[in-house]
Amino acid sequence: GLALPIAGVATVASSTQAAAAKVRVVPDGNRYRNQPRIPYASARRTKASKSSYDAKFEKVLAVLKRDRRLLSSIKRVAKRYKIDPIHMIGAIVGEHTYNYDSLDSAQSYYIKALAYAGIDISFEYNDEHVEEFVKRKQFNRCSTGKKAKNSDTRWSCYERVWNTYFRGRKVDGVRYPKTNFNETFFQPLFAGQSFGLGQLSPLTVLKMTDRVNRQSGKRKLSASNAKAVYKATMDPDISLHYMAAVIQDAIEAYKSVGKVDISKNPGLTATLYNLGDPWSRAAKFRRSGARWPKENYYGWLVNDREDDLRGIL
């Protein structure tokens, strides 16, 4: 009489092992022999600053080496989110080497966070707040079911609907700009689209707020409190949590959908930090049939200089 239950247990165990075996660990290092082409916008920014990528890389590295408080915070936050701190170091170095002029000190971001706190900010377009805008019927799918329960899926859904039905189109007599959702509603005072040590956008912060709340207990943020959202992008004590959440989310996406574990390859997590939308990218990778995901120019640098980056930890 015991034969059937034992066989059943064995079958379940073997099925679980088989499922686990399907997730392959991506080896460290780059898949590309040479660095992929660096975008023109990054090259133009670097030329305008009268610097070079190597000089900017070394400057960021020097800042991180001397700021022991920041390094301690990075390690502590990474541990809380169960990720290797090299992923956070890679994202910071990549952002400030290619997508931002330079990193002078983490202290400058604390000062900027205080300055932003004194500015009257609202997330709106044409005097209509984003929370009112997404009440339109086109967004109904985002406010029901599983999508509505999670900040990431809800705001990602809003973003997709914007791109499909509003971006660059005329709707109900109103012509909407060709800009993306983040730029349209979340940049009321500033030309850039991302801010702070981790170069986060307000929309990314809103997407990750539930995850950060679960992992750290930090209060959830909403679009109704723009000052708090901007503070989260600018204040390193908060923004490091959002950086870690973005990286953790990317690792989970590729493990769940892509069936590969990218947690040992900081160049890939840096690539996804740079590009965003990891769940769609993981699905595209899975459909492609490629053996391994590949790094972009930004992630390539992180893998190429991994020993230097680990040296500061």
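User: Helices here are DSSP runs of H or I, at least four residues, numbered from the N terminus. How many helices and strands does the protein have?
Analyst: The secondary structure comes to 17 helices and six strands. Keep in mind that this is a predicted model.

User: Pockets, then. Which helix gives the largest share of the lining of the second largest pocket?
Analyst: H15 does, with five residues. Helix H15 covers 278-288. Helix H14 (266-275) also supplies at least two residues of that lining.

User: How much space is in there, in the second largest pocket?
Analyst: About 400 Å³.

User: And how many residues line the second largest pocket?
Analyst: The lining has 18 residues. Nearest the centre are Tyr-254, Leu-275, Arg-281, Pro-293 and Lys-294.

User: What is the lining like by class?
Analyst: It has 10 nonpolar residues, four polar and four charged.

User: What sits between H14 and H15?
Analyst: A loop that holds Gly-276.

User: How far is Gly-276 from Thr-204, in sequence and in space?
Analyst: The two are 72 residues apart in sequence. In space, C-alpha to C-alpha, Gly-276 and Thr-204 are 9.0 Å apart.

User: Switching to charges. How many salt bridges does a search of the whole structure find?
Analyst: It finds 13.

User: Which residue does Arg-211 pair with?
Analyst: Arg-211 forms a salt bridge with Asp-249, with the closest N and O atoms 3.1 Å apart. This pair links distant parts of the chain, 38 residues apart. Arg-211 is in helix H11 (residues 202-216), and Asp-249 is in helix H13 (residues 236-256).

User: Are Arg-211 and Asp-249 buried or exposed?
Analyst: Arg-211 is buried, at 11% relative accessibility. Asp-249 is buried too, at 4%.

User: What about Glu-132, which side chain does it meet?
Analyst: The side chain of Lys-135, in a salt bridge at 3.0 Å, N to O. Lys-135 counts as exposed because its relative accessibility is 58%, and exposed means over 50%. Glu-132 is at 43%, so it counts as partly exposed.

User: Backbone next. What is phi of Asn-126?
Analyst: Near 55 degrees, a positive value in a residue other than glycine.

User: Where is Asn-126?
Analyst: In the loop between strand E2 (124-125) and strand E3 (128-129). Asn-126 is exposed, with a relative accessible area of 54%.

User: And Lys-259, what is its phi?
Analyst: Positive, about 60 degrees, although Lys-259 is not a glycine. Lys-259 lies in the loop between H13 and strand E6 (260-261). At 27% relative accessibility, Lys-259 counts as partly exposed.

User: Let's go inside. Why is helix H12 described as largely enclosed by the rest of the structure?
Analyst: Because seven of the nine residues of H12 (residues 226-234) are buried.

User: Which residues of H12 are buried?
Analyst: Ala-226, Ala-228, Val-229, Tyr-230, Ala-232, Thr-233 and Met-234.

User: What share of the residues of the protein counts as buried?
Analyst: Of the 313 residues, 45%.

User: Last one. How much accessible surface does the protein have?
Analyst: About 16000 Å². Carbon and sulfur atoms account for 51% of that surface.

Note on methods. Residues numbered from 1 in each chain as written. Predicted model: local features only at pLDDT ≥ 70, side-chain atom pairs only at ≥ 80, totals over all residues. Heavy atoms only, no water. 1 Å grid on protein atoms, 1.4 Å probe; cavity = no way out; pocket = protein on both sides within 12 Å on 5 of 7 lines; lining within 4 Å. Points joined across faces, edges and corners; volume = space filled by probe spheres on them. Nonpolar A, V, L, I, M, F, W, Y, C, P; charged D, E, K, R; others polar. Salt bridge = Lys/Arg side-chain N within 4 Å of Asp/Glu carboxyl O. Buried < 20%, exposed > 50% of the residue type's maximum accessible area, 1.4 Å probe, protein only. Areas by Shrake-Rupley, 256 points an atom, 1.4 Å probe, with all protein chains shown as cover.
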